[in-house]
Amino acid sequence: MSFSYYDYFYMKKAPEFHIPEDDPNYSSEDGILFNKDKTVLLRFPTEGPIRHYKLPDSVEEIGQFAFGKCLLESLDLNRLKRAGKRAVWNCENLRELNFGTEIQVLTEGIVFGCHNLRELTIPPNVRELEDCSVEMCTNLQDVVIPKTVKKLGSAPFGCSGSVIMHFEYNGAVIFVREQALKSGKNGKLVDFEDYDSAFQRLQFETRPLTAFLRLAYPADLTEEWRKFYTSFLRRHIRELTDEFFAKNRVDWMRILIERGVIYEDNIDMMIVDSTNAGTTAITALLLDYKRKSVSKEDEFEL
């Protein structure tokens with residue numbers, strides 16, 4: 001028994017499965033179809049009473065389209081080791097997905113079209129994420145990448161919108177937008193053993209926010225790179241701070257001041273932009289900085 005995309009395209013709903021105990025090839029439990037010894041989950045019913053599901057301990061693999069168009073709200077893959085392409089496919093109600101404790105490689109297209117997924121945490125057992133491991137999850141925004149991940153595809157969350165990846169780098173949490181990733185030396189995967197040089201390259205191929213966060217959490221940043229980031233951010237200051245204003249990030253604006261990105265030549269422009277954006281707390285911070293930075297002989301009015 002096998003399934004393909006076209007089977008599900010034309011099949012409005014998969015039934016609940018009830019397999020006789022003496023069947024030599026298949027078994028069922030709670031309407032779910034397994035192979036005989038329940039090491040492979042073949043098909044979850046499209047409609048049914050189950051909304052939260054954890055794979056049985058015996059299941060090591062799920063077939064392609066196994067969770068196609070089901071009504072699950074949460075799914076725990078438990079001890080899963082392998083998954084077929086688009087194994088979790090167009091589950092519109094799915095809000096929580098746990099990849100489990102065993103799987104090490106998230107291959108292309110494991111998750112597809114789950115539009116209510118907004119955040120994901122990749123477990124520490126995962127070593128690699130291929131291109132488009134999670135695809136067309138259009139509301140996915142935040143993904144936590146553990147330091148155990150050694151290789152990452154150039155678009156692991158392809159077509160998922162404006163995904164921000166959070167991962168630990170030299171003791172700091174670094175934020176990188178997926179659009180910033182480029183193919184690594186070894187084909188599609190970026191090898192994180194050589195990530196420092198890759199990251200330095202990415203700063204200037206993407207939005208200034210990434211460069212800011214590298215400067216904000218410097219870890220092993222050299223003086224040469226600190227000056228380089230500062231100069232780069234000064235040139236892109238308005239693009240960067242527009243995002244700060246939108247998120248009302250007073251803490252990030254304070255870091256800009258501390259790192260010398262905001263200075264006498266651009267402080268007035270920042271005050272005007274902040275006032276126009278209605279970010280009162282940021283405006284107050286900038287005004288206070290200007291008040292403290294001017295000399296006693298200078299005239300200054302609030």
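This is a predicted model: local features need pLDDT of at least 70, side-chain atom pairs count only at pLDDT 80 or more; totals for chains, interfaces and linings use all residues.

Me: Why is T283 called buried?

Reply: Buried means under 20% relative accessible area, with exposed over 50% and partly exposed in between (1.4 Å probe, protein chains only). T283 has 11% relative accessibility, so T283 counts as buried. Across the protein chain, buried residues make up 47% of the 302 residues.

Me: Where does T283 sit, and in which helix?

Reply: T283 belongs to helix α8, residues 280–293. Helices (H or I, at least four residues) and strands (E, at least two) are DSSP runs, numbered from the N terminus. The protein chain has eight helices and 20 strands.

Me: What does T283 touch?

Reply: Contact means heavy atoms within 4.5 Å. Leaving out residues up to four places away in sequence, T283 touches S274 and T275. Its side chain also reaches the backbone nitrogen of T275 at 3.5 Å.

Me: What makes α7 roughly antiparallel to α8?

Reply: Look at the axes, which are lines fitted to C-alpha atoms, for helices over the stretch in contact, with angles from 0 to 180 degrees between N-to-C directions. Helix α7 (residues 264–277) and α8 have axes that come within 9 Å and cross at roughly 155 degrees. That makes α7 roughly antiparallel to α8, because angles under 35 degrees count as roughly parallel, over 145 as roughly antiparallel, 65 to 115 as roughly perpendicular and the rest as oblique.

Me: Which residues make that contact, and how many of each class are there?

Reply: From α7, the residues are E264, I267, D268, M270, I271, S274 and T275, and from α8 they are I282, T283, L286, L287, Y289, K290 and S293. By class, the contact of α7 with α8 has seven nonpolar, four polar and three charged residues. Here Ala, Val, Leu, Ile, Met, Phe, Trp, Tyr, Cys and Pro count as nonpolar, Asp, Glu, Lys and Arg as charged, and the others, Gly among them, as polar.

Me: At what angle does helix α5 pack with α7?

Reply: Helix α5 (residues 237–247) packs with α7 at about 35 degrees, and their axes are 11 Å apart.

Terms used
Residues are numbered from 1 along each chain as its sequence is written. Side-chain values use heavy atoms; hydrogens and water are left out. A polar contact is a pair of N or O atoms within 3.5 Å; within protein, one must be able to donate a hydrogen and the other to accept it, and residues adjacent in sequence count only if both atoms are side-chain atoms.
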